[in-house]
Amino acid sequence: MTEFKSEFLRELSQRGFIHQVSDNDALDEAALTKVVTGYIGFDATAASLHAGSLVQIMLLRWLQKTGHKPIALMGGGTTRIGDPSFRDDARPILTDEKIDENLAGIKQVFTKFLSFGEGPTDAVMVNNRDWLDGLQYIDFLRDYGRHFSVNRMLSFDSVKIRLEREQNLSFLEFNYMILQAYDFVELNRKYGCTLEMGGSDQWGNIVNGIELGRRVDGSSLYGLTSPLLTTSSGAKMGKTASGAVWLNADMRSPFDYWQFWRNTEDADVGRFLKLFTELPLDEIARLEKLEGAELNEAKKILATEATAMLHGREEADKAAGAAKAAFEEGAMTADLPTIEIDGATLDAGLGVLNAFVTAGLCASTSEVRRQIKGGALKLNDEPVTDDKLVLTRAALIDGVMKLSMGKKRHVLLKG
């Protein structure tokens, strides 16, 4: 692990945020001696960001916490094209009205993580539509297009993999990396921005921006990427069986958000505590050494800290209390009926259809299928969407799993 002198890069390195840096020494020196302005772009492809974007949001947060200035770049312009990076097909084209609606939802999240204002390290939010919409295409090609080698653009993994699979890459999408590079140049000119950050799939696009800035303005720009995050079982971060884990409270309640983190796989607890909380590293080192039932306490701390960051400490404590009532206290022994499940059954796997019949919530497997289609069934407060789902010990929370039909009928299966 590289030994960094600046607090910014040292914190990121120790917490596992760094995958690549374009110039370790120069960026480290800049972060040590002056305020660095850095940005990450977020396209408005949905009404909310989801938990898969949290690594990038936390990068901006740590940038600010260590004395630097973050820019949250809203992709009002680039969303009209869609980033083709590592996608098998083109993103659907959204109307300007839909993009604006999505931007309004996305903006809500950043005020929870960043401090905005007019000060030297206060965050700013910018929309790239402000400069992209006014480009004169011929002038743009003449002034900037000549700095891009098609041969080199074809060599980037994000493009090469798509072409190797013989999947169509439109000229519209091919332009995306040029516009992203131009964003970096504009942000450098307008705000003195010298750092672009993003996921490792953005490395080629970031390098393009660094080189474009050097060629057209003689600017010294830097790039930093984080690892693309998956869970230990290989699942994409921010996705569950019921779909995306949205960050906006009107799309996912604080309680459901708390439960998402509480269900973290054992092997991911330490890593997620470093990435998604601000607990001291020595405390995280203690928590990640816990085993067995004690590790559940670390998961609850992760859930509460992550929820507090997004929804506030009061909502996080309420969610933790509600979960304790539902899974640990009187609700398990008195308020909710509890059915014992043989351990061998769980080891072999219990089909979700049979589970709801066993719990007495449905009379037959065909009724379970109908209720799933109607969105009436939940497992551990998560909607059940797959009638082929198999329940194992992994679904147990503190020894039980909670099956629900509607809002008022709940049964605990105890393993």
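This is a predicted model: local features need pLDDT of at least 70, side-chain atom pairs count only at pLDDT 80 or more; totals for chains, interfaces and linings use all residues.

Visitor: How should I describe the packing of α13 and α15?

Guide: Two packed helices are described by the angle between their axes and the distance between the axes. Here, α13 (residues 269–276) and α15 (residues 293–311) pack at an angle of about 20°, and their axes lie 10 Å apart. Angles under 35 degrees count as roughly parallel, and therefore α13 is roughly parallel to α15. Their crossing is left-handed.

Visitor: Let us turn to the sheets. In what order do the strands of the sheet containing β14 run?

Guide: Strands of a sheet pair through backbone hydrogen bonds, either parallel or antiparallel. In this case, 5 strands form an open sheet with mixed pairing, in the order β9-β15-β14-β11-β12. The edges are held by β9 (338–340) and β12 (382–383); each has a single partner strand, so one side of each has no neighbour in the sheet.

Visitor: In which sense, parallel or antiparallel, does β9 pair with β15?

Guide: β9 and β15 (residues 409–414) pair in the parallel sense, over 3 bridges. Within β15, Lys 414 stands opposite Glu 340. By contrast, β14 and β15 run antiparallel and are joined by 6 bridges. The pairing of β11 (residues 377–379) with β14 is likewise antiparallel, over 3 bridges. Met 405 in β14 is the bridge partner of Leu 377, and Met 405 also has Arg 409 in β15 as a bridge partner.

Visitor: Which residues lie on each face of β14, and are they buried or exposed?

Guide: In a regular strand the side chains alternate between the two faces of the sheet. For β14, one side carries Val 400, Lys 402 and Ser 404, while the other carries Met 401, Leu 403 and Met 405; all are buried, and both faces are covered. Accordingly, 6 of the 6 residues in β14 (residues 400–405) are buried.

Visitor: What is the strand order in the sheet that contains β1?

Guide: There, 6 strands form an open sheet in the order β1-β6-β5-β2-β3-β4, again with mixed pairing. β1 (20–21) and β4 (124–127) are the edge strands; since each has a single partner strand, one side of each is left without a neighbour in the sheet. Further in, β2 (residues 37–43) and β5 (residues 195–199) run parallel and are joined by 2 bridges, with Gly 38 opposite Leu 195 in β5.

Visitor: Which strands does α10 lie across?

Guide: Helix α10 (residues 176–191) lies across β2, β3, β4, β5 and β6, at about 145° to β2. Helix α3 (residues 54–65) lies across β2, β3 (69–75), β5 and β6 (222–226), and runs at about 160° to β2.

Conventions. Residues are numbered from 1 along each chain as its sequence is written. Side-chain values use heavy atoms; hydrogens and water are left out. Two strands pair if DSSP finds at least two bridges between them. Helices (H or I, at least four residues) and strands (E, at least two) are DSSP runs, numbered from the N terminus. Axes are lines fitted to C-alpha atoms, for helices over the stretch in contact, and angles run from 0 to 180 degrees between N-to-C directions. Angles under 35 degrees count as roughly parallel, over 145 as roughly antiparallel, 65 to 115 as roughly perpendicular and the rest as oblique. A crossing is left-handed if the near helix is turned anticlockwise from the far one by less than a right angle, and right-handed if clockwise. Contact means heavy atoms within 4.5 Å. Buried means under 20% relative accessible area, exposed over 50%, partly exposed in between (1.4 Å probe, protein chains only).
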